[in-house]
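Hi,

Here is the structure I said I'd pass on to you. Have a look at it first, and then read my notes below.

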Amino acid sequence: MRLQKKLLEGWLAPMGFAFIALCLLIYCLAAQDPETYPEGLAFAFPGLLAFMSLLFLVRLMLAKRDGDATSAVHADGDWRRLGIAGLALAFYVVAMPFLGFVVSTFLFQGVIYRGVFDKRGPIWLFGVPGVTVLIFSVFFLYVLSVPLPRGALFYALATIGAG
Amino acid sequence: MADFLASVATPDLAVLMVAIIGGVLIGYAIGALPGFDITTGVAVLLPLSYMMEQGPALAFFTSMYCSGVFAGSITAILFGIPGTSESVMSAVEGYPFTKRGEPGFALGVALVCSGLGGAAAALVLMTLAPALAHVAIGFGPGDYAALGVMGCAAIVSASGGSISKNMLALMLGLFLSTIGADPVTGDFRFVVAPILEDGVGLIPAIIGLFAVSDVLWRVLVRDFPSPDRKALLQKWRFPTFSDYAKLTSTSVRSWCVGLFTGVLPGAGASSAAFIAHSVEANLARKKGNFSNGNANALAAPETAKNAAAVGALIPLLALGIPGSGTAAVILGAFEIHNLQVGPLLFTEHPALVKQIFISVLIANIVFMVAGSVLMRPISLMTAMPYPVIAAGVLTLGVAGSIATGGAAAAGVMLVLSLIGIGLRLAQFPMAPVVLGIVLGPIIEVYFRRALLMADGDVQGVFASATSIGLLGASVVFLSAPAITKVIAKRGDRGQAKGA
C-alpha cells in the first residue's frame, strides 16, 4: 500500500507525460498508415488517455480510503438535496424543449427553492420564480436576441386547436 | 504611444467605454456576491457576446474579469468570506481591520493596490504580448506542440497540492478534448451518444465544471454564505496618501511576483496572492506583526492578484495558452466571435488587439474610480440571499448552454457538472481539466502536422532549438515541486540542528 502510494505520488507526473508522448507517437504512426487508420491504433492516443482517466478513478477510490476530508464529505454531505438538485436540473434540460423556457424555468425554480433550500410560502414558490422568469426572458429574448425554446407541447396544442 | 492612442481613439471608443464601464460594474457585482466566483460569472454571461461586436464584447469580459478579481475582496474584508478564490488571503488579512472598526481603511488599501497593480501590469501586457507574439509567429508546428506540452507541465506544477491529482485532472481534460470528430480526418471518436457529435465544447464544459458544479457542491456541503452585515453600518475611513506611500516597497515586490506568476499557464491570481503574501511574510523582520490586520500583509496579495489576472492575458493573447482558469473562460468569448488567439491575432486583427490592451488599462483605472465612489452601495448587494444567487446561476447555466449549442450542449454541461462534483469530492483542481480541453487539440493537431512535415520522423518534430527549449522548460516545471520540497526539508533539518 505504501509502495503503491509512493508510486502514485512520486512517479505519476513523469509517467503521465511519458504516456502522452507514447500515445502521440502511436497515434501519429497510425495516422501515416491508411490500413491501420482510422481503425485500431488510431484510437491509441485517446485510448491511453482513457486508461489514465481510469487511474484517476483508482486514485479517487484511494482518496476515499485515506480517511481525509473527502470521507467526511462523503459521510456528512447532503446527498438527498444534491440528488434533488441534480434531478431538477436533468428535468429542466429535458423538459425545456417540450414545455418551453417560461414554464420549465418557473417549475425548476420552484423545485430548487422548495426542495433544496427549504423555502416556503407564495413569495418563494411563485413570486421569486415569476420575477426571475420575467427578467431572464427579457434578457435572452430582447437583450441577447437569443431564441429560447417556446415549447413543442404548446406548439402542438395550438396546432391541434387551430385544426 | 501617441500613434497607439490615435489608432484607438475612433468613434467606436464611446461604445468601448460603455462596454468597459458595464463590464467593471457587473464584475463588481459578481465578485462581491458571496458564493459567486468571477470565473462562474464570466462563464454564465458568455452568451452576452452574441449581442456585441468583437471589440466591445472582449472589452466587456476583460473589464469584468479585472474588476471581479478585485471585488472578491469586498466580502472578504467586510465579512471574512472570500467572494472569489483569489481573495482568501484578503479575508485572512483584511477581516481583522473590520473587526477593529476599520473596514474603510482595508477596502481603500485593497482598491488602490489592486487597481495600480492591474494598471501597471496592463502596460507590461501592451509591451510584452506583441513581442512574444512576434517571436511566436516564427514557430513551426513542432514548436506549437512543444508549447502545448509546456502549458500542460506548467498547469500541473502551478496548481499546487498533489502533482498526481493535477496530472490526472489534466489527463481527463485531454481525454475530453478527443471526443467528437477527429480534427484531421473527421472520423468520430467516443461518440457514444448523439449529443457528443460536436465534441465537448469549451463553453458548456466551463459552465458545467465551474458554475453549475460549484452550486451543486455548496448544496452537498451545505455551504450557503450568509454574511453578518454589521460592517456595512460602521463608519468608513479611507487611507491617506501617506498611508499608501508606506506600502510602496511591498506593492512593487508583490507586483513582480504577481505578474510572473500570472504569465505562467494555469497558475492564476489565487496562487499569486498566496505566493506574494508568503514572500512578504518571509521578508518581514517582525513576523509577529506582519499578520492580523497589517496593511502590508493586505497590500501584498491585493497587488499580486490583479497583476497576475492581467499577466494571465499575456500567454492567452500572444500564444493562445490561457494563463488561468478565468482566462480560459475568456477564451470562450473569442471562440464565440470565431477569433483564434495566438500570434496570428496580432497580424490579422491589430485594431482589436489594441482595443483589448486599452480596455484592460482603462478597466483597472475605472474600477479604482468607481470603487472609491460606489464601494458602499456595491457592498449593499451582498444582502442578496444565496438561494436566489444559486437558482439564478443554475438557470443561466442551462439557458446559456442551450443558447450557445442547443440541448446537446446543455446535456454535455449537465454531465460535466456531475464530473465536477466528483472532482471536488476527491479534491481535484478544476483548472487543469479546462486547460486540458483547450490544449489537447493544440498538442494533437500540431504534433500530427509536424510529423507529416517531418515524413514520420519523430526526432525531426522537436528538432528546433525552440522545441528543445520548451520541452526543457516542461521538465523544469514538472521537477520544480519536488525540488522545492527537497529544499524545504533541508531547511527544516538545518533549523532543527540549529535548535
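Let's start with chain A, which has six helices and zero strands. Going from the N terminus, its elements simply read α-α-α-α-α-α. Keep in mind that this is a predicted model, so how confident is the predictor in chain A? The mean pLDDT there is 71, and 48% of the residues of chain A reach 70 or more. Over residues 6-12 of chain A the pLDDT stays under 50, and the model gives them seven contacts beyond four places in sequence. Residues 66-71 of chain A also have pLDDT below 50, with eight contacts in the model beyond near neighbours in sequence.

Of the contacts in chain A with a separation of 6 or more, 47% are between residues 24 or more positions apart.

Now for chain B. This one has 22 helices and two strands, and its C-alpha trace spans about 70 × 60 × 55 Å along the principal axes. Is chain B compact or extended, going by its radius of gyration? A compact globule of 499 residues would have a radius of gyration near 23 Å, and chain B comes out at 22 Å, so the value agrees with a compact globule. In chain B, 60% of the 499 residues count as buried. Residues 24 or more positions apart make up 80% of the chain B contacts with a separation of 6 or more.

What about the inside? The largest nonpolar core has 201 residues, and those with the most contacts inside it include V42(B), V109(B), L317(B) and V434(B). Helix α19 of chain B (residues 386-425) gives the largest share of this core, 19 residues.

Finally, a helix pair to look at in chain B. The axes of α5 (residues 88-99) and α6 (residues 103-136) of chain B come within 7 Å and cross at roughly 145°. On the α5(B) side the contact is made by S90(B), G94(B), F97(B) and T98(B), and on the α6(B) side by P103(B), F105(B), A106(B) and A110(B). Sorted by type, the residues of this contact are five nonpolar, three polar and no charged.

Cheers

Notes. Residues are numbered from 1 along each chain as its sequence is written. Chains are lettered from A and ligands numbered from 1 in the order in which they are written. This is a predicted model: local features need pLDDT of at least 70, side-chain atom pairs count only at pLDDT 80 or more; totals for chains, interfaces and linings use all residues. Helices (H or I, at least four residues) and strands (E, at least two) are DSSP runs, numbered from the N terminus. The radius of gyration is taken over C-alpha atoms; the globule rule is 2.2 Å times the number of residues to the power 0.38. A residue is buried if 20 or more other C-beta atoms lie within 10 Å of its own, exposed if 12 or fewer, and partly exposed in between; C-beta atoms are placed from the backbone. Two residues are in contact if their C-beta atoms, placed from the backbone, lie within 7 Å. A nonpolar core is a set of buried Ala, Val, Leu, Ile, Met, Phe, Trp, Tyr and Cys residues joined through C-beta atoms within 7 Å. pLDDT is the predictor's confidence in each residue, from 0 to 100. Axes are lines fitted to C-alpha atoms, for helices over the stretch in contact, and angles run from 0 to 180 degrees between N-to-C directions. Ala, Val, Leu, Ile, Met, Phe, Trp, Tyr, Cys and Pro count as nonpolar, Asp, Glu, Lys and Arg as charged, and the others, Gly among them, as polar.
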